[in-house]
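Trainee: I would like to learn how to read a structure with two chains. Could you walk me through it step by step?

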Amino acid sequence: MIDFRLTETDKALLERTRAEAVIARRYAHEFDENEAEMIPDTLPETEEFYANRSPAPTAGPEDTQGAVMMMLQTMGAFWGDYSVRVRRSDRGGLGNAALAAAGTDEQKEEWGNLMLSMAITEPGCGSDPSRVSTSAVLDEETDEWVINGEKIFVTTGIRATGVVIWATIDKSAGRAGIKSFLIEKGTPGFDVPHKEKKLGIRADDTAAYVFTDCRIPRTHLLGLDESIQQKNSGGFRGVMKTFNMTRPMTAAMGLGIAEAAIDLTREELVNAGIVLDYGVGPGGLGRTNAAAEKFMRLESIFEASRLTLLQCGWMAGEGLPNNLESSVCKAHAGSAVREITQGCIEILGTMGIARENLLEKWMRDSRITDIYEGTGEIQRLIIARGLLDYTRADLK
Amino acid sequence: MISFGLSEEQEMVRDAMREFAADAIRPIARECDEASEIPNDFLETAWSLGLTSTQIPEEYGGAGEERSMVTNAILLEELAHGDASLAMAALAPSLFANAILDQGSDDQKKAYLPLFCGESFATGAVAVSEPGALRDASAPQTIAEPKGESFILSGRKTMVAYGDRASHFLVTARNGDSLGAFIVPRDAAGLKISGPEKNMGLRGLTTTALEIERVEVGADALLGGPEGADIQRLLNVSRTGLSAVMLGLSRAVLEYCVPYTKDRVAFDEPISKKQSIAFRLSDMHIAQHSTRMLVWQAASLLEHGEDATKAAWQARSYAAEKSMWIADNGVQILGGHGFIREHPVEMWFRNARTLGVVDGMVAI
């Protein structure tokens, strides 16, 4: 049954998320301004917070929807600050999602305790991963893969203890030749030259990786499938499946930031005595304040995007295929957070651009939402193929 | 617990209404628009589906099925996917009946609900919108002055669906500092019904104007009895209903454009293979999908008796903006054909703008 009400358990869980987010927000400005430093794993208050907080409410499957709550909790955490992503490194990186989706049982056992980053993008390839040029060549004599190439924009790449990389085992096979490999930090030939300098999410340790004759055991091929299928490679699809959960998650991160902007702007409007009248009907604009009208519109966009995200999460939780929906929610959130954070600054004026307030940081931080995990344009390609019943070859 | 799952019954209703819209609504939508009239046959056929009477309790002559606003929103999206005018005509009796059902006193339920349980089409009408610039149903200029136990109503109303054949009108008016809704019989002295009105869109749906010149009604005419009714809730219900109609229209435009772009060839390939078109279709899909989420949320909150004013505002304003944008792009995608009345897109374009500015015209 369609229902939008949170259970008491859900509310209690979200209150805990909020309490933690409030602590994180105290450090948001500092971490943003000191980009070169790695942020600490724990904040001074967090240990005390964890020691004193009430036990987590136990939720049975009958009174909560885990995947939906995961989206709401992610939003709640990022409402505090984007840097929670780094401090939550014990919960795994994007590579762990790939491991969970495509790894064998043995691989999950062996690699599950590492924090795995995901390295796909290269200096010469972004949205089109079939152009990956990092190579993996099998050395039959030693039963090792030899990896050569360069990866950039690796999220939490400094902190990660291991990585899932995309590399081609046969460049001539195109997409079908691309496989994922598990590589541990410290493996000879695996260098981490630097942390990237960015517009936003500066606390995130985005890294560049270089692989030079880096040798790894043959068993480090994620999923262990060495075959190259000429059409619609199963291996590539397996990895792409990762995105059906990570795309909504990135949408949730961006929307958490957008919600922070919405909340701050609402507070300032209310403090200024501006009334937000939701009872007003069509034709009622004459009775509405311009700032209020603009804000209420941004709030609607936010809510539409939030619900689209929750529906996508709900589908994942129910085990329903959500390939199209995950692109819809990611594309919507990507546009929404741009419009919302930029619009909130417009409403508040110079207060919005002062670095001591966080609104300008939220605009910079959330801008990545429409770029990583598939740009808005890539999502629209996927959506259009779905609508038109087109293959990748039909619509590029 | 948050859920987006339709019940089996809701899936059945959706499928049945989708079929009805395809078979009985879409084929006559254009002729109704051109003739500015919906044939009586259609109203009777729609009546026979029991859209109104099934939700009226058995004690008043109905089938006594529980009214679900979510189910009704789903139903309305499907009917409006066929055509907005015909969908709103089919549900016109529910607009009045559901207001009585939701907020009427026991006496009012006894008096009026049986009117909608008969064999053939019968309707009341709801008069919410007012003529003139910058008029908002939340702040009506129509006033109700107390006179002893009675009220004297004065004002003007517009976009009153089926005012020509309604037995009663539910008229919103300012009653001192509060809003009230008053049940006015069509033969009340001082009530002048004129029409049909001529508007840009929703042409099939007959609407009338009311001139209310010192119409006296008794205390029992106040919806909800002496305490009055929650008019905001009635508006929230109708705004959510209108957003469901706009959603159905949005989906209709998108689903019309998809095959068109696959057939239409320019520069040696279907235009659907050009990103400028394909991306626009994606954005149209994103817009209608996210509208549905807001519609469901508002309907669900209303169904559970929660405060839905903000949710209904969001659903309505978002649906209005997105449906207009989608219809506008539908015209653009069809190019010259979008401008020709042979295709339904120009009608949807007119209907979208119309739906975005009306209020109190459909219930869920």
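Predicted model: local features only at pLDDT ≥ 70, side-chain atom pairs only at ≥ 80, totals over all residues.

Trainee: Let's begin with chain A. How many helices and strands does the secondary structure of chain A come to?

Mentor: Chain A has 12 helices and 7 strands. Its radius of gyration is 22 Å, close to the 21 Å that the globule rule gives for 396 residues, so chain A is as compact as a globular protein of that length. The C-alpha trace of chain A spans about 80 × 50 × 45 Å along its principal axes.

Trainee: What share of the residues of chain A count as buried?

Mentor: Of the 396 residues, 49% count as buried. In chain A, among contacts with a separation of 6 or more, 75% are between residues 24 or more positions apart.

Trainee: And what does the secondary structure of chain B come to?

Mentor: Chain B comes to 11 helices and 9 strands. The radius of gyration of chain B is 20 Å, close to the 21 Å from the globule rule for 364 residues, so chain B is as compact as a globular protein of that length. Its C-alpha trace spans about 80 × 45 × 40 Å along the principal axes. Buried residues make up 57% of the 364 residues. For contacts in chain B with a separation of 6 or more, residues 24 or more positions apart account for 75%.

Trainee: Now for helix pairs. How are two packed helices described?

Mentor: The description uses the angle between the two axes and the distance between those axes. Take helix H9 (residues 290–317) and helix H10 (residues 323–348) of chain A: they pack at about 155°, with axes 9 Å apart. Angles over 145 degrees count as roughly antiparallel, and H9(A) and H10(A) are therefore roughly antiparallel to each other. Their crossing is left-handed.

Trainee: Which residues in H9(A) and H10(A) meet?

Mentor: On the H9(A) side they include A:Phe295, A:Leu298 and A:Phe302, and on the H10(A) side they include A:Val328, A:His332 and A:Ile340. The residues of this contact of H9(A) with H10(A) divide into 15 nonpolar, 6 polar and 3 charged.

Trainee: At what angle do helix H1 (residues 8–33) and helix H3 (residues 66–80) of chain A pack?

Mentor: H1(A) and H3(A) pack at about 25°, with their axes 7 Å apart. That makes H1(A) roughly parallel to H3(A). The crossing of H1(A) and H3(A) is right-handed. Among the residues that meet are A:Leu13, A:Leu14 and A:Arg18 in H1(A), and A:Met69, A:Leu72 and A:Trp79 in H3(A). By class, the contact of H1(A) with H3(A) has 9 nonpolar, 4 polar and 4 charged residues.

Trainee: Could you show me a pair in chain B too?

Mentor: Helix H3 (residues 69–82) of chain B packs with H7(B) at an angle of about 40°, and their axes are 7 Å apart. H3(B) and H7(B) are therefore oblique to each other. Their crossing is right-handed. Among the residues making the contact are B:Leu76 and B:Leu79 of H3(B), along with B:Val245 and B:Leu249 of H7(B). The contact of H3(B) with H7(B) has 9 nonpolar, 4 polar and 3 charged residues.

Trainee: On to single residues. Is B:Asn98 buried or exposed?

Mentor: A residue is buried if 20 or more other C-beta atoms lie within 10 Å of its own. B:Asn98 has 27 C-beta neighbours inside 10 Å, so B:Asn98 counts as buried. Its place is in helix H5 (residues 92–103) of chain B.

Trainee: Where is B:Glu216 found?

Mentor: B:Glu216 is in strand E7 (residues 207–217) of chain B. With 16 other C-beta atoms within 10 Å, B:Glu216 is partly exposed. Not counting residues up to four places away in sequence, B:Glu216 touches B:Lys147, B:Ser150 and B:Ile152. B:Glu216 and B:Ile333 are 117 residues apart in sequence, and their C-alpha atoms are 53 Å apart.

Trainee: Lastly, how many residues of chain B are in contact with chain A?

Mentor: There are 47 residues of chain B in contact with 40 residues of chain A. In chain B, the elements that give two or more residues to this side are helix H7 (231–263), helix H8 (275–303) and helix H9 (309–334). H8(B) gives the largest share, 15 residues. The residues on the side of chain B that touches chain A divide into 23 nonpolar, 17 polar and 7 charged.

Technical notes:
Residues numbered from 1 in each chain as written. Chains lettered and ligands numbered in written order. Contact = placed C-beta atoms within 7 Å. Helix = DSSP H or I, 4+ residues; strand = E, 2+ residues; numbered from the N terminus. Nonpolar A, V, L, I, M, F, W, Y, C, P; charged D, E, K, R; others polar. Rg over C-alpha atoms; globule rule 2.2 N^0.38 Å. Buried ≥ 20, exposed ≤ 12 C-beta atoms within 10 Å, placed from the backbone. Axes fitted to C-alpha atoms, helices over the stretch in contact; angles between N-to-C directions. Parallel < 35°, antiparallel > 145°, perpendicular 65-115°, else oblique. Left-handed = near helix turned anticlockwise from the far one by under 90°.
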